[in-house]
Amino acid sequence: MDYKTSGVDIEAGYKSVELMKQYVKTTVRPEMMGGLGGFSGAFSAEAFKNMEHPMLLSGTDGVGTKLKLAFLMNKNDTVGIDCVAMCVNDVACAGGEPLFFLDYIACGKNYPEKIADIVKGVAEGCRQAGAALIGGETAEMPGFYPVDEYDLAGFAVGVVDKKDMITGEDLQEGDVLVGLASSGVHSNGFSLVRKVFDMTPESLDTYYEELDGKLGDVLLAPTKIYVKAMKAIKDAGVKVRACSHITGGGFYENVPRMLKDGVVAQIEKDSYPVPPIFRLMQKKGNIDEHMMYNTYNMGIGMVLAVRPEDVETTMKAAREAGEYPYRIGKIVSGTKGVELV
């Protein structure tokens with residue numbers, strides 16, 4: 001009897017690390033110390049030594065049941081982007097710059113090529129965010145996960161000078177809400193998605209004219225990473241007053257998190273185009289509109305509150321960073337919350 005006969009292949013683990021090194025190398029930052037394979041990841045404080053009052057920020061999340069689609073489609077090279085996005089967008093939401101990222105992959109059986117494919121996506125997400133992938137863990141857990149399935153999670157650490165933090169404290173009545181378009185469903189609400197659509201390879205391979213693509217490809221589209229857009233807006237001289245990353249809980253749960261007492265975020269539903277996938281889901285699943293906005297991003301992945309005089313500068317900077325910004329509402333006085341009109 002040995003470890004391999006119990007289901008854990010150490011040699012496969014070694015091979016996975018060797019295969020993923022080529023992707024990890026593409027995320028290196030000057031502050032990254034050492035290479036992949038150590039007991040811990042090291043990152044120099046040189047990145048923020050000149051800040052007046054550096055504040056470390058962190059974000060952690062997983063991909064959730066969106067992974068079930070990746071299993072069915074046998075496409076594992078984009079879910080890593082989702083994992084990074086869910087973490088670094090939270091850091092950016094507070095005005096921070098993501099510095100480094102670590103991932104955690106747990107699987108029923110270590111197939112080195114599959115693990116390397118997953119890490120390829122993680123590395124791509126890190127490149128989009130400008131973060132270094134400084135380490136991670138692959139845990140082979142036979143008997144806990146099916147041999148062809150895995151879970152993926154991670155966390156990011158970032159930094160911001162205290163004076164540049166986005167806290168919502170300066171939010172004022174009359175401030176304008178700017179929304180940055182999402183790339184689709186992102187990584188939330190897939191338990192409901194999997195009830196609306198048949199989760200079979202045939203169903204996911206079905207072409208929908210209204211989606212201009214196959215269902216699986218549209219649903220598996222990776223989550224948008226807004227780090228570069230947020231940096232571009234800051235570099236343009238705009239002080240974002242408040243910010244919300246629209247994740248699980250949609251508009252109704254996330255937008256109030258950016259507000260202070262005494263103000264309401266009033267959002268105009270017709271101020272931007274809602275991606276067809278949401279309309280299709282709502283119709284096919286007979287889902288109430290309130291539930292849709294309480295579950296999904298409905299086409300807006302990040303909401304920013306800025307002064308009226310900063311709107312055009314904000315939108316120009318976002319466009320130049322490759323995003324699609326929309327003026328979607330305003331801040332009004334009232335009991336803290338969100339109104340969709």
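This report describes strands, helices, cysteines and selected residues in a predicted model.

## Annotated regions

UniProt, in an unreviewed entry, lists "domain: PurM-like N-terminal" for residues 56–160. Over that span the chain is 38% helix and 36% strand.

## Strand β6 and its partners

Strand β6 spans residues 150–161. Nine of its twelve residues are buried, so β6 is largely enclosed by the rest of the structure. Strand β3 pairs with β6 in the antiparallel sense over nine bridges, and within this pairing D61 stands opposite G154 of β6. Strand β4, residues 97–107, is also antiparallel to β6 and is joined to it by ten bridges. In that pairing F101 stands opposite A156 of β6.

S58 is a residue of β3, which covers residues 54–62. With a relative accessible area of 59%, S58 is exposed. Leaving aside neighbours within four places in sequence, S58 is in contact with V91, A156 and V157. P112 is 54 residues from S58 along the chain, and the C-alpha atoms of the two are separated by 29 Å.

## The six-stranded sheet

Six strands form an open sheet in the order β10-β12-β7-β13-β11-β14, and the pairing is mixed. The edges are β10 (242–245) and β14 (337–340), each of which pairs on one side only. From one strand to the next the twist averages 25 degrees.

Within this sheet, β11 (residues 263–267) and β13 (residues 325–333) are antiparallel partners joined over five bridges. V263 stands opposite S333 of β13.

## Helix α12

Helix α12, residues 311–320, lies across β7 (176–181), β12 (300–306) and β13. The helix runs at about 145 degrees to β13. Its buried residues pack against β7, β12 and β13, and also against α8 (227–235).

Which residues of α12 are buried? They are V311, T314, M315, A317 and A318. These residues are on the same side of α12 because they cover an arc of only 160 degrees around the axis. Just after the helix, G322 takes a positive phi of about 95 degrees.

## Cysteines

How many disulfides does the structure hold? The count is zero. C83 is in no disulfide, and the nearest cysteine sulfur, that of C87, is 5.2 Å away. A disulfide requires cysteine sulfur atoms within 2.5 Å. C83 is buried, with a relative accessible area of 0%.

For C243, the closest cysteine sulfur is that of C93, at 3.5 Å, which is too far for a bond. C243 counts as buried, at 9% relative accessibility.

Most residues other than glycine have a negative phi. N74 is found in the loop between α2 (67–73) and α3 (79–93). Is N74 buried or exposed? At 60% relative accessibility, N74 counts as exposed.

D212 is another residue other than glycine with a positive phi, near 55 degrees. The loop that holds D212 lies between β8 (207–208) and β9 (213–214). D212 is exposed, with a relative accessible area of 62%.

Definitions and conventions. Residues are numbered from 1 along each chain as its sequence is written. This is a predicted model: local features need pLDDT of at least 70, side-chain atom pairs count only at pLDDT 80 or more; totals for chains, interfaces and linings use all residues. Side-chain values use heavy atoms; hydrogens and water are left out. Two strands pair if DSSP finds at least two bridges between them. Helices (H or I, at least four residues) and strands (E, at least two) are DSSP runs, numbered from the N terminus. Axes are lines fitted to C-alpha atoms, for helices over the stretch in contact, and angles run from 0 to 180 degrees between N-to-C directions. Contact means heavy atoms within 4.5 Å. Buried means under 20% relative accessible area, exposed over 50%, partly exposed in between (1.4 Å probe, protein chains only). The arc is that of the directions from the helix axis to the C-beta atoms. UniProt positions are given in the numbering used here, feature names are shortened, and annotations may be inferred rather than shown by experiment.
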